[in-house]
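Subject: Structure handover and what was found in it

Dear colleague,

I am passing on the structure we spoke about, and below it I have set out what was found. Please read the notes with the structure open beside them.

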Amino acid sequence: MRKKVAFYTLGCKLNFSETSTIARNFTNEGFDRVDFSENADIYVINTCSVTENADKRFKTIVKQAQKANPNAFVAAIGCYAQLKPQELADVHGVDLVLGATEKFKITDYLNDLSKNDFGEVHSCEIEDADFYVGSYSIGDRTRAFLKVQDGCDYKCTYCTIPLARGISRSDTMENVLKNAQEISAQNIKEIVLTGVNIGDYGKGEFGNKKHEHTFLDLVSELDKVIGIERLRISSIEPNLLKNETIDLVSKSRAFVPHFHIPLQSGSNEILKKMKRRYMRELYVDRVSKIKEVMPHACIGVDVIVGFPGETDEHFLETYNFLSELDISYLHVFTYSERDNTEAAEMEAVVPNNVRSKRSKMLRGLSVKKRRAFYESQIGTNRIVLFESENKEGYIQGFTENYVKVKTPWNPELVNSLHKVKLTEIDTDGLVRLEFINVLTA
């Protein structure tokens with residue numbers, strides 16, 4: 001009887017790409033992958049340190065696994081497993097906890113899969129996480145997340161990612177292109193580039209700080225890979241998004257006009273306290289440059305509310321800054337204290353109810369921004385990649401500039417690109433369309 005394995009992934013696109021790679025390793029070792037809600041012999045939970053209440057969420061997921069099979073072997077991997085291994089090992093039902101360097105070797109740690117009396121921990125000093133493991137996810141048929149970089153050398157005062165993932169290091173150009181070709185061969189139309197700090201690509205490509213390639217080199221080489229219809233840059237620091245990259249995307253064959261650029265605060269004073277590597281003026285410059293060469297581009301923004309010392313004036317500075325900026329949507333994060341970060345020791349802590357109120361205000365602004373962006377696109381011709389789910393009689397998809405559309409369900413549209421005209425915004429906020437002609441089937 002072949003053993004069964006199930007996975008649960010918390011957090012970012014990078015985690016999803018790594019889970020997918022680890023799952024393929026299990027398949028190669030003779031396991032069958034099943035859904036997390038099904039009976040499995042081993043449950044693997046890929047954890048995240050960024051989400052609030054990470055420990056509570058983890059305990060709930062462990063209980064889910066135990067409910068499906070009380071005798072199953074439960075393993076925790078990922079960022080939270082690196083930062084607080086013992087905390088996870090102490091959770092009832094957990095058998096194995098693997099840190100940053102061990103997670104890709106998980107099958108080496110599985111002997112007879114019998115339950116342990118105590119959670120067994122294998123985690124390294126984070127300084128040892130200095131080698132690179134490439135990965136990509138193939139979750140649905142339309143889109144893949146391709147990891148190109150890992151770790152971070154930045155020292156933002158609120159962030160534990162350098163402690164969880166180690167120093168900045170990159171995949172080799174050769175391997176990224178090989179992975180992109182493998183993805184393309186599986187009839188996947190879109191690749192999303194992912195990493196912790198992808199604009200830092202090139203650093204650590206040879207296991208040291210020597211640079212041969214840059215992010216610009218990576219983008220220009222990937223653009224030449226035949227078979228990939230679309231390439232999307234997931235998130236890039238404003239100080240690492242260079243004019244040359246923006247220009248290349250604007251003229252690109254495959255890169256789409258969609259940027260996600262973390263801001264975190266619209267107040268220079270707060271940006272300094274966060275130890276970000278730019279001021280708000282640079283951010284304005286990046287947005288202006290994108291809109292100059294790609295007026296229809298979609299720009300998403302990460303922002304943190306309630307950082308220590310953020311007064312009402314600082315918050316209003318951020319709100320007004322974003323309100324006036326030509327951006328398309330926000331990802332709003334409510335600041336939460338993290339152990340072993342500078343920010344956790346800072347004074348002038350913002351009360352939770354104030355953090356919550358500010359978060360709500362910015363989420364409201366995000367709804368307005370997205371609506372305004374969608375309205376600006378009505379009447380334009382776009383190319384849509386349709387997804388695979390039937391959602392209440394409709395099929396959904398995204399234009400190249402990240403407008404979410406819907407049209408009556410037709411299975412023949414799944415994973416295909418079509419030229420359409422955007423006609424109106426529906427009551428659910430999605431955009432209706434008219435077909436112009438088929439591009440690829």
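A salt bridge is counted here where a side-chain nitrogen of Lys or Arg lies within 4 Å of a carboxyl oxygen of Asp or Glu. Arg 143 and Glu 387 form such a salt bridge, because their closest N and O atoms are 2.9 Å apart. Please keep in mind throughout that this is a predicted model.

To place that pair, the domain assignment divides the protein chain into domain 1 (4-124), domain 2 (130-256), domain 3 (261-377) and domain 4 (378-435). The centres of domain 2 and domain 4, taken over C-alpha atoms, are separated by 27 Å, and the contact draws on 11 residues from domain 2 and 13 residues from domain 4. About 1,000 Å² is buried between domain 2 and domain 4, with 52% of it on carbon and sulfur atoms. Across this interface of domain 2 and domain 4 there is 1 salt bridge, and 6 residue pairs are in polar contact. On the side of domain 2 that touches domain 4, the residues divide into 8 charged, 2 polar and 1 nonpolar.

Asp 200 and Lys 203 meet through their side chains in another salt bridge (3.4 Å, N to O), and both residues are buried.

A further salt bridge brings together the side chains of Glu 237 and Arg 276 (2.8 Å, N to O). Glu 237 lies in the loop between strand S12 (230-233) and helix H8 (243-251), and Arg 276 in the loop between helix H9 (268-274) and helix H10 (280-293), so the pair ties together parts that are 39 residues apart in sequence. Glu 237 and Arg 276 are both buried. Elsewhere, salt bridges that share partners join Glu 18, Lys 103, Lys 147, Asp 150, Arg 165 and Arg 169 into one network.

Lastly, Leu 88 belongs to helix H4 (residues 85-89) and counts as buried because its relative accessibility is 2%. Beyond its neighbours within four places in sequence, Leu 88 is in contact with residues including Phe 58, Tyr 80 and Val 97.

Key: Residues are numbered from 1 along each chain as its sequence is written. This is a predicted model: local features need pLDDT of at least 70, side-chain atom pairs count only at pLDDT 80 or more; totals for chains, interfaces and linings use all residues. Side-chain values use heavy atoms; hydrogens and water are left out. Helices (H or I, at least four residues) and strands (E, at least two) are DSSP runs, numbered from the N terminus. Buried means under 20% relative accessible area, exposed over 50%, partly exposed in between (1.4 Å probe, protein chains only). Contact means heavy atoms within 4.5 Å. Domain bounds come from an automatic or database domain assignment. Buried area is the accessible area (1.4 Å probe) that two parts lose on being put together, summed over both. A polar contact is a pair of N or O atoms within 3.5 Å; within protein, one must be able to donate a hydrogen and the other to accept it, and residues adjacent in sequence count only if both atoms are side-chain atoms. Ala, Val, Leu, Ile, Met, Phe, Trp, Tyr, Cys and Pro count as nonpolar, Asp, Glu, Lys and Arg as charged, and the others, Gly among them, as polar.
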